[in-house]
Amino acid sequence: MAIEDQVQQALSELLEAGATIEELYSSLGDTFERERAASGSYEDIKVLRDRWLGRKNGLLAATNQHWLKKAPRELKPKIGQLQNKIKQSFEVALAKALKELDERQLAHPPIDVTLPGPERRIGAKHPLQVTVEEICSIFSALGFSIAEGPEIETFYYNFEALNFPSDHPAVDEMDTLFIEDKVLLRTHTSPMQIRIMESQKPPLRYLVPGKVYRHDTADATHSPMFHQIEGFAVDKNITFGDLKGTLDHFAKRLFGSSIKTRFRASFFPFTEPSAEMDVTCQGCGGGGCRVCKQTGFIEMLGCGMIDPNVLKAVKYDPEQYQGFAFGLGIDRIAMRKYEINDIQLLYQGDIRFLRQFR
Ligand SMILES: [Zn+2]
């Protein structure tokens with residue numbers, strides 16, 4: 001159907017519905033305005049102008065022809081008047097749209113492709129992130145899954161289920177940041193041991209990196225927020241030998257195959273027996289220096305066999321399942337790896353410092 005016929009049809013329908021001639025023009029104006037609002041380029045506006053104001057085939061010309069022809073004599077001056085008025089308003093609207101386009105062009109001139117581009121600095125990963133990714137990839141290769149957990153924890157998950165006696169110094173408010181009674185900022189990533197064991201059945205191998213919080217005064221070696229990685233494995237027939245083999249492999253992958261590890265007896269509420277793993281001091285290569293206090297070794301992480309009480313808390317039978325767990329401070333490992341002597345540098349966001357780690 002030709003445009004003129006379409007207009008004619010639409011108008012007839014409106015007229016039959018009892019619309020006045022003013023309402024007909026107002027409806028035309030609305031349609032035009034909708035189309036104008038959707039026109040965002042010079043090309044759009046040219047098309048719009050041709051469609052509505054074209055001398056021969058424009059929509060206004062078509063209405064003029066049909067209405068004037070059809071209208072009773074006494075309405076003809078009225079229609080002529082409205083026709084002129086709407087034509088003028090369309091012209092004003094199109095001129096305004098063009099002006100706005102011009103202004104936009106001036107504010108955002110088209111790109112001169114011959115100019116050299118602005119230099120953009122390439123970002124660098126934070127040394128902590130690099131360290132986390134490296135540690136996670138070593139354990140992923142051993143079949144460990146990565147999980148994260150809530151930083152706001154309950155007393156139960158942070159202490160009770162992990163076999164902490166209520167008089168343990170870490171439970172004291174001096175160390176723990178309580179939010180309200182029995183709700184706190186986790187002091188370690190170990191609560192995820194419980195959460196994962198509660199929701200899954202062995203065999204389990206998990207690594208849990210994340211932020212932890214302690215009531216500590218910030219200095220070169222302390223920060224009230226720092227990072228840990230918790231790791232644990234639960235299965236049948238897991239022994240302390242599995243623990244040692246896994247962590248020795250990990251330390252050699254992280255620091256190089258020439259380093260040695262040693263295990264010293266220690267104590268943690270949630271492991272039994274417990275140990276600390278030391279690695280060869282990189283400062284002296286094991287010969288003894290000021291950093292390692294002449295021992296040739298540096299403490300690296302805490303570990304142990306998961307205490308039967310912890311297994312019982314998640315309704316595992318300790319006769320059937322055993323497991324080992326370990327926890328290490330990411331910040332300290334990153335500091336040793338990159339020879340950073342102040343933990344605060346990791347948190348100050350100083351771009352000059354961070355830029356060094358590409
Ligand atoms: Zn040393």
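What distance separates the centres of domain 1 and domain 2, taken over C-alpha atoms? In this predicted model, the protein chain is divided into domain 1, spanning residues 3–107, and domain 2, spanning residues 127–354, and the centres of these two domains, calculated over C-alpha atoms, lie 74 Å apart.

Within the residue range of domain 2, attention may be given to strand E10, which covers residues 322–329. Of the 8 residues in this strand, 7 are buried, and strand E10 is therefore largely enclosed by the rest of the structure; a residue is counted as buried here because 20 or more other C-beta atoms lie within 10 Å of its own. Strand E10 is paired with strand E6 (residues 225–235) in an antiparallel arrangement, the two being joined by 8 bridges, and in this pairing valine 234 is placed opposite glycine 323 of E10. An antiparallel pairing also links E10 to strand E9 (residues 297–306), in this case over 4 bridges, with glycine 304 standing opposite alanine 325 of E10.

In general, most peptide bonds are trans, and most residues other than glycine have a negative phi. A cis peptide bond is found from proline 202 to proline 203, where omega is near 5°, and proline 203 belongs to the loop that runs between helix H8 (191–199) and strand E5 (204–213). Another cis peptide bond joins glutamate 272 to proline 273, with omega at about -5°; proline 273 is located in strand E8, which comprises residues 271–280.

Positive phi values are found at glutamine 294 and at lysine 315, neither of which is a glycine. For glutamine 294 the angle is about 65°, and this residue lies in the loop between E8 and E9. Because glutamine 294 has 11 C-beta neighbours inside 10 Å, it counts as exposed, the cut-off for this class being 12 or fewer. For lysine 315, phi is near 65°, and the residue is situated in the loop between helix H10 (308–313) and E10. Lysine 315 is likewise classed as exposed, because 8 other C-beta atoms lie within 10 Å.

Note on methods
Residues are numbered from 1 along each chain as its sequence is written. This is a predicted model: local features need pLDDT of at least 70, side-chain atom pairs count only at pLDDT 80 or more; totals for chains, interfaces and linings use all residues. Domain bounds come from an automatic or database domain assignment. Two strands pair if DSSP finds at least two bridges between them.
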